[in-house]
Amino acid sequence: SKFFPNVATYLALQKFGIDRPELKSGLESNVSREVQRLYALQNQDGGWGWWLGDTSNPTLTGYALLGLYNARQAGFAVDADVMKRAQQFLTRYFDKQLDVKQPYTFNERAFVIFVLMEMGENYTSRAVMLFDQRANLANYGKAYLLMAMQKRNLPQAQTLQAELTSAAIQSATGAHWEEAKVDYWTMNTNTRSTALAIMALARGTGKGEATSPLQANAVRWLMVARKQGHWETTQETAWSVLALTEFMQATGELQGNYSYNVSFNGKQIGDGKVDKTNVEQSKTLTVAIKDMVTNAANDLVVNRAAGDGRLYYSAYLNYYLPVENMSALNKGIIVARQYQAVDPQTLKPTAKVIQSAKVGDYVQVTLTIIAPNDLHYLVLEDMLPAGFEAVDTTLKTSSVAAQSPQLQKQETKQVDWWLRPYWYYWAHSEIRDDRVAAFATYLGRGTYEYSYMLRASVTGEFRTLPARAWEMYFPEVFGRSAGATFTVGQ
């Protein structure tokens, strides 16, 4: 997701003959670096998992392979053996039977077919077989299959396009697609489904044909769904960028030619002219909260003069609370945090809850996570108080007595080790300069404790942002602890 949309942008610049030396240099640097990173993360069986050595996953493998293929198409050097082994992994994947009790497998199959057809491989028979079972496909699965069939000009593509078009939901904010069920294992959301539908329909627009009002309304909805320059998940952002690139190519938006002005409460705060020399540039306008009226509606007006191209804009209101006024919040996940004293001799926690320490003291942080329901792709993030540093127990300079970060499920009775389900292990954790972050592919409903060690290094009174936990691909499911203050003395 870091480099795949950049490859698409790079290809678009080539296609339209647009010269952007600085942008081009940044894209080349990003793509080259991330291609090397993908090499390092590839498993022996040719596939990719979430982390190095993780079990290979068909969806992730297809995603990585598609990115590498497009990078090669853009002129970047890509190891042919890496791509061959990934393709062989996906070919072996077809031996796996589809399961109507696991609907995501049909959408996963559509994606793998799409990837291989994008690379020029002929999987027409696989595509037709899946078309006959399309009742098991979600809208995004149909979008993948539609794009695969468009590659071979298969007549069934017209049926899929009609079904996808009829499934659109029209509203005052545009048009979008929703799924009857959430496919957690393929990281799908309604926003990503909308992006994929736009991408598939844009590809179905013939050269010289005008895009349909449905496509324009769907793009409008997608832009409204964007928050502060990006979408809620990396998958949403990546596929939205790819879809908008396809739409941009179909509409010729890079040839934009118009002027605009913006006013707030009757006062002009910005204007500009757009042409093909600056069409990819954005402009940020800011109004301080103190300049807004509090006893009436604030009026934002964007005027665009006649001309070619489209103007997209979004508006946000940001405000910040003092950290000590931030209370705990439960939106599907309960998070609590405690700081506990540590015995200086044994470096073991004493279970005494504290709000102050001395320079050089060790402090254990215990985060309690209560999951009322099963959680998928969970992110847990705790910001460090400014006067502390996290203890990285992987370093040789750390005391061997210090405990490394760990996740434990709070059991009501003893469970033998061979009966523990796979939620028992964190998939990955990181210690950074300002926070500790941990990731779990799946956590079954229950209560968990995550603990790690801090060391006080600077005196002062420090305010600490809440610890947060959220589902990466469904961030509306989240929770946070209360904000806190912590004092470090001599």
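Helices (H or I, at least four residues) and strands (E, at least two) are DSSP runs, numbered from the N terminus. This is a predicted model in which local features need pLDDT of at least 70 and side-chain atom pairs pLDDT 80 or more, while totals for chains, interfaces and linings use all residues. Residues are numbered from 1 along each chain as its sequence is written, and side-chain values use heavy atoms, with hydrogens and water left out.

**View 1. Asparagine 43 sits in a loop between two helices.** Asparagine 43 counts as buried because its relative accessibility is 11%; buried means under 20% relative accessible area, exposed over 50%, partly exposed in between (1.4 Å probe, protein chains only).

**View 2. The side chain of asparagine 43 meets that of serine 56.** The two side chains make a polar contact at 2.9 Å. A polar contact is a pair of N or O atoms within 3.5 Å; within protein, one must be able to donate a hydrogen and the other to accept it, and residues adjacent in sequence count only if both atoms are side-chain atoms.

**View 3. Residues around asparagine 43.** Leaving aside residues up to four places away in sequence, asparagine 43 touches Trp48, Gly49, Gly53, Asp54, Thr55, Ser56 and Arg85. Contact means heavy atoms within 4.5 Å.

**View 4. The setting: a protein with 11 helices and 20 strands.** Its C-alpha trace spans about 75 × 65 × 40 Å along the principal axes. Of the 490 residues, 45% count as buried. Among contacts between residues at least 6 apart in sequence, 71% join residues at least 24 apart.
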